[in-house]
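Good morning, colleagues. Please look at the sequence and the structure first.

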Amino acid sequence: MTDLAQDVALAEEPSFPSEPVRRSRLSVRRRAMLSGAVALTLVLGVLIVAAFIPADTLRVNPATRMLAPSLEHLFGTDLLGRDMLLRTTLALGQSVGIGLFAAVVSTALSVMLGLVASVNRVADRIVGVATELFLGLPHFVLLMLVAYAAGGGVRGVILAVGLTHWPRLARVLRHEAQRVMASDYVAVSRGLGRSPLWVARRHLLPHLIPQIVAGFVLIFPHAILHEAGLSFLGLGVPPHLPSIGVILSESLRALGSGLWWLAFFPGLGLLLVALSFEVFGESLRRATDPDEGVA
Amino acid sequence: MKWSSWLIRFFLERMQRLLWLVPLAMVGLFTLIRIAPVDPVQAYVGARVALVGPEQRQAIATAWGLNDPIPEQFLRWLGHLLRGDLGDSMLFNASVSEVIMARWPASLSLIGAAFMLAFVVGTSLGLIAAAYKGRWPDRIIRAFAITLAVSPGFWLALLFIALFAVSLGWLPACCSAPPGLTLGEVTWGERLRHLILPAATVSIVGIAPLIMHTRARAGGFLEGAAARHLKAHGARDLPLLLGPGLRHALGPALTVHLAGAGELIGGSVLAESIFSWPGLGEATVRAAKGGDAPLLMGVALATLAMVFIGNLLADLAAHLLDPRLRNRPLGEARRRRWGLSHESGSANMTGGQP
């Protein structure tokens, strides 16, 4: 799966207009579908495995403490003799869940705010101010503040990643909606007596849906990375629950004894999930971007 | 337009924006801290919980004005703030301004080093990618940039420690100076050695957007009339970019980088707590964990100021480096923030969406 994701990333072609279009191995659309398949397989695989792992496989087993990666324990074992492959999978399942939730909440917020801002001038001003406020603090500091305000724990993480990822997509949507509404064909439609609802459905939605879908996918990797960061600092998921951030913060203490695999593999898993969604979202955006031209 | 008059108008416009952004930020910050289900009295009492009875708790709460109406508390906080009083940190047992004053130099040196490192690495890779567009160096660099953009920086820090500090033993894994020495005894060489790994960690956040931005800008220059003319005379891509193309690419790159400096601050929070770097980020984490609300608010305010200065510098740099911008009416600057120009768009790549 690693190779595939990298292939997809490598295959992305630049598109400078004056250069003769070079035939790439994959069309933009195929690439989007392929990277989507990779991302979804990865996530579904993680979720299914996480759901079917029997509860007692993570037993503490002193006989298998601190084993380096081998065929029996692909990712090695931790200080308590638990298999790191299983722990990583469970934690990734949890990350995917939180990421999904954050992406849903943030996308819904962006759609609402972006659309409201594009129709009403007062609302536009308010949303603009809110956007500037949210972007005024570094994202991670904002996450810490929201997590703190929500009282920390799982609830804090979920609220923090869910409530802070909307400004950029809202900006894109507002921009796009204003562009479409100012266009000639919308003016003509209105002149012909079409209702605002008809205009919104036939002219606006086809432009916005691709942006919303791509934005949704692109929020995902950032949400799971931020969740891991918060949990790593101890401001998120409590230590007894599976989480990549928790695993990594444990491994920080074990690094001095040379147990590198405790940090390496879980982080790599997180990176792969995030990367697959980033590539998928980027190619989705390219495939649906009318300015991209090459299909 | 004359330079001085432009500068004055520029600052006036900025001040005007501050005028409504700052009060809103204050209200937002106060609300966030106030709705936290952290009992300030409990946080203050801490481990001495057995020694403090309910009557004493009541007395503390009354003395702190916690029973007053919320708007009154807010105004009181604002009043203290205007007098430069940020309150006292419970964790450090000192006033918040003292803690911030003691810690910002460490943070600034870390972020400054990361800033320069990211700028050098990001722009050079971007220039190389543009010069070899479509060929293997470009492909590798772009794959690298995408991977870096989604890499958890703190995970890479752990790998750095495992490799350079534990296995190879080349660099220290902790702190800003060797333990057991007073500040005067630490040599500059030692300080630099301690700076390398944390700075590399923080710089990761800034590299990917810079690569993509520089690549796009330099690519645009190579497509332009000037470059085509020079190429017709036999110039090669890479020397062209390192010569006449450099100003085209580096000016905007610096702007983007300055505007994205806020994300470096965010990255420094994680890096500082991994490497026990005695800066503001590490204090933030301890404040958030320990329920030290005054310190958390103080650091958030300091961060806001730093981001604002970063943005100010970014705009100044952009105008200094590109005289064309100076002749545009200033109102456009605001539209630029909303509208998705290439600048804001790519500067924000690490933090979020398209």
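By contact I mean heavy atoms within 4.5 Å. On that criterion, 66 residues of chain B are in contact with 68 residues of chain A.

Before I continue, a word on conventions. This is a predicted model, in which local features need pLDDT of at least 70 and side-chain atom pairs count only at pLDDT 80 or more, while totals for chains, interfaces and linings use all residues. Residues are numbered from 1 along each chain as its sequence is written, chains are lettered from A and ligands numbered from 1 in the order in which they are written, and side-chain values use heavy atoms, with hydrogens and water left out.

Let us turn to the interface. Buried area is the accessible area, taken with a 1.4 Å probe, that two parts lose on being put together, summed over both. Between chain B and chain A this comes to about 6,000 Å², and carbon and sulfur atoms give 72% of that area.

As to the side of chain B that touches chain A, several helices each supply at least two residues, among them helix H1 (3-35), helix H8 (188-223) and helix H14 (293-321) of chain B. H1(B) gives the most, with 9 residues. Helices here are DSSP runs of H or I with at least four residues, strands are E runs of at least two, and both are numbered from the N terminus.

Now to the chains individually. Chain B has 17 helices and 2 strands, whereas chain A comes to 11 helices and 0 strands. Buried denotes under 20% relative accessible area, with a 1.4 Å probe and protein chains only. Of the 354 residues of chain B, 48% are buried; for the 295 residues of chain A, the share is 53%.

Finally, sequence separation. In chain B, among contacts between residues at least 6 apart in sequence, 73% join residues at least 24 apart. In chain A, residues 24 or more positions apart account for 70% of the contacts with a separation of 6 or more. Thank you.

Terms used:
Buried < 20%, exposed > 50% of the residue type's maximum accessible area, 1.4 Å probe, protein only.
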